[in-house]
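Good morning, and thank you for joining.

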Amino acid sequence: MSKPRKQQGGNKGVQLAAGPETWRTRIEALLAKGKSRDAVDIAKQYLKHAPGVEAEALAVRAYAARIAALQASGMHREAQALGALVSERFPAHQAQMAALMQQSDVATGNFESLLASLLHADPQRRRDIEAMLARRLTDPALLAASPALPPDHPLKRAAGVASDLFTAVTSGPLPPGALAALDVIARQSPLAPWKLLIRALEAFYRGADDAVLANLAAIPADSVPGRLVPVLRRLVEGDDPSAARAVAVTTLIEQVSGRRPALQTQLTQLSNALAARDERRALAAVQALLVLLRSAPVAVRRTFVASVLHHWHRHNFSPQPLLRLLPSMKHDPDILRLLALTVERRAWDEAVELWEKYVHAATRAGILPAKGPEMARVLLHMANLFPADPDEVLDTLGVDSEQELRQYIRASDMPMCFDRAALLERALKADPTPSVFRALVDHYDRRGEAKRAEVEAEAWHQAHAHDLEPLLYLIRAAERRGAVRKALNLLAAAEALDRVHPEVRQSRFRLLLTGAERRIKEGKAALALEDLEQLAQEPRTSEGDHRVYVLALSWVAAQQRADATATAHYEQLLSTTAANPVLQSLVLEAIGTALKVQLPRTPLAAASPEQTLAGLARACDLFRALDRPLAVPTTLYKQVEPHLQQASAAQLHSLCAGGLWMQRPALTYRASGYGLALHDPLAYRFLLARGRALSTALHHDAPERARLCLRAARELASRVRDMEAVREASEALATIPSWGLLEAMITGTLSPPEEEALTQEDIARIIEDERQSRTTPQFPAVSSIRKRRQGSTRRQRRQRRMFDDLFSMLPFKDLF
Amino acid sequence: MDPFAVLGLEETADDATVRTAYLQALRSAPPDRDPEGFRRIRAAYEALRDAESRLDLRLFGPAPLDDLATLLEVFPEERRHVGPDLWLAVLREARR
């Protein structure tokens, strides 16, 4: 019975002397309002005041309402207890109570009375019972094991099949054909939803997601298996991390899906927190993820830490709270390495310091050997972080010179790791590989310490005798300082290693030629002739007019030696080979000037206009190929100019290139004009030459004309895939001041207006305009000399330490 | 993604171990069924197949992930058989 309680408003106003009608009205009103508890209280008073059949019936109605209310709120055990008391107190109403109790029995997993009644139920009652089973049966095993049903009852057998298959399908892969047993469950059976659920589970574990969804769609939402429909959908379609879930659902999803859903949730939260720049939330997500990844492979954990550091740095978050979450750097130097890798994307100097700390910590921890390829790679990496421009290094470190930097390092005002050469020397000690030698030689070479660079190249050659690279460097270095003989000896060693290497093949001709010229200049004519005889055998001597140059040198050497026979011999050969008095004269004139040797003049007047034109064109090609200066008398230009119209396209090309080579843009301008008039397929080459010549002209419209010529040349060259010409045109264009860029700078707009691509009509018009431009513009007498950029007098160290505070908290004070 | 993580290898793995792990990983992502997974596994193998690449990765890797969700790639979708109890617990809890 209900506990005694203070009388409430519900039964106030009911007079004990009131008639039965008043009591009934009052009780029914309370029942109608759903106030079953108050109705029970009033009914009890009524029964006490006027016991009888009517009062008893009213009391049982009130109790039945109360029991139903308890069932509705899931308090089945309380409902069962109350029902038992009512049955005992009012035996005449036991049947009514029994029906009510059955619902609570079912709800608490006790189906026995329900199943017992099934055996003798009429069709309507049977349908009701089956509907209740579909809505209430949470495990077919209960049905299968029920003593209320005989062993051969179809529902019991079907429940057995469903129970066995449900256990099997959730415990491991089913054998083929196992699902056929489900055929015993009819479509109208209360177990039909279980049949669909088992099929969905089988498809789920098989990875047949379409079949999973199809089976789930057929499960009635109010059936017990229907409760698993949203859970299976989440497992198939991906979990929504933000969705609220019951504990059992969360446990099931985690157990079935492994760590993935939890990781996904936390990674999403971390990404959202980073996007919202919410450092606190991001930290919480990192903390959760570190726990989730605790048993993940090392490589995964490291990727996570590297990524978090990267995002932290990018968002400029405070590093300390994050570093407190990560493993101690003292115990895991790898964190330092990851920090260095993060920082090096923005601040090379901070990164070099962090790498240095990593080297010390990792060596001490025994994870980085003090010697060997690993140490060399780290030190080389540190050296490679330095900017290529030495001024930028000094700017960043806030010092004026290399000397000042070394002083600071010596005085321990700056860490040792800022001495790049020292880093490379350490790398060399750790592992003297070619890559370390290469970096060291390059370092000294770039800083103008040629002798030191040669010493290192020599050491490289000694350490790696079969490596061609140090030999090539030593050859170039020897040639640079005029030690041609030494260069030739080194070349012999290089040829022994790799005779077909392009630089090796080119070097012998170049060195022998330089050697012969040098010996002539020194008056060692006999030795020069020896070199020249060797040179005559070189394959490159047969290229172009190279032989003319070699024979001219031989003639000069023979003259110097006062050997009349040899002189006559070489003169004859030179004359025959050159077959052009102008070329011969220009070569001898140039050699005489360069080597400071007095030579008899060849009269140019004897040459025809065609010979003059051809001779100048060939000389232009020869001296460009040999990289030797060519001086052409003004009178010769004057002789050539009136006859340019008769020149072939090839000759005009040579003159265009030669004009630029000799810094005679006027010659290039005129030759390109005639070239454009020829309708040559290589017209873009003439446009390129004219554009380059115009870019140096003094006329006010010359830059714009140059720009148009070069753009047209680039467009035409790209169409025929002449990428060399495209590159030349682009480089030349880059040297012409752009009004668009200037305007953009003045007006503060972000970028200059983009130039529209030239159409075929535009290009035809540009070519036609240039053909018509016969007047040669004025060109400067001497090309302007590029002034060296002056560095700032006092460099200020850039304040860009994102991780400034980090250094103060590193637990490595004892290491340094 | 770190190639060591993709192939589930330790940094000390040698050439033979790398190849074995690669062939094993390929079974879970054949090119016809999972071209994206195959591409990832192949790229990881290429990055680890010689000792020098492995050294470089060990010293200068891994590359950070711009998209943190990429980390999930190494946690393949799992469908574990956990027995009937956890499933039934959901049904019972939902009833309450």
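I begin with a definition: a residue is called buried when its relative accessible area is under 20%, exposed when that area is over 50%, and partly exposed in between, with a 1.4 Å probe and protein chains only. By that rule A:Cys656 is buried, with a relative accessible area of 4%, and A:Cys709 is buried as well, at 0%.

Before going further, some conventions. This is a predicted model, in which local features need pLDDT of at least 70 and side-chain atom pairs count only at pLDDT 80 or more, while totals for chains, interfaces and linings use all residues. Residues are numbered from 1 along each chain as its sequence is written, chains are lettered from A and ligands numbered from 1 in the order in which they are written, and side-chain values use heavy atoms, with hydrogens and water left out.

To stay with the cysteines for a moment: how many disulfides are there over all chains? The search of the whole structure finds zero, a disulfide being a pair of cysteine sulfur atoms within 2.5 Å. For A:Cys656, the nearest cysteine sulfur is that of A:Cys620, 9.8 Å away.

I turn now to the interface. The size of an interface is often given as the accessible area lost when the parts come together. Between chain B and chain A the buried area is about 4900 Å², and carbon and sulfur atoms give 66% of it; this is the accessible area (1.4 Å probe) that two parts lose on being put together, summed over both. On the side of chain B, the residues that lose the most area to chain A are B:Leu68, B:Arg79 and B:Trp87, together 18% of what that side buries. Counted by contact (heavy atoms within 4.5 Å), 42 residues of chain B meet 67 residues of chain A.

What of the polar side? There are five salt bridges between chain B and chain A, each a side-chain nitrogen of Lys or Arg within 4 Å of a carboxyl oxygen of Asp or Glu. The side chains of B:Asp2 and A:Arg302 form a salt bridge, at 3.5 Å from N to O.

Which elements of chain B give two or more residues to the side that touches chain A? They are helix H1 (3-6), helix H4 (51-60) and helix H5 (84-95), where helices are DSSP runs (H or I) of at least four residues, numbered from the N terminus. H5(B) gives the most, with 11 residues.

Two residues illustrate the interface. The first topic is B:Pro64, in the loop between H4 and H5 of chain B. B:Pro64 counts as buried, at 18% relative accessibility. Leaving aside neighbours within four places in sequence, B:Pro64 is in contact with A:Ala306, A:Ser307, A:His310 and A:Arg345. Within chain B, the C-alpha atoms of B:Pro64 and B:Met1 are 7.9 Å apart, although 63 residues separate them along the chain.

The other is A:Tyr205, in helix H10 (residues 192-206) of chain A, buried at 16% relative accessible area. Beyond four places in sequence, the contacts of A:Tyr205 include A:Val169, A:Thr170, B:Arg79, B:Arg80 and B:Trp87. A polar atom of the A:Tyr205 side chain lies 2.8 Å from the backbone oxygen of B:Arg80.

Thank you; I welcome your questions.

Conventions:
A polar contact is a pair of N or O atoms within 3.5 Å; within protein, one must be able to donate a hydrogen and the other to accept it, and residues adjacent in sequence count only if both atoms are side-chain atoms.
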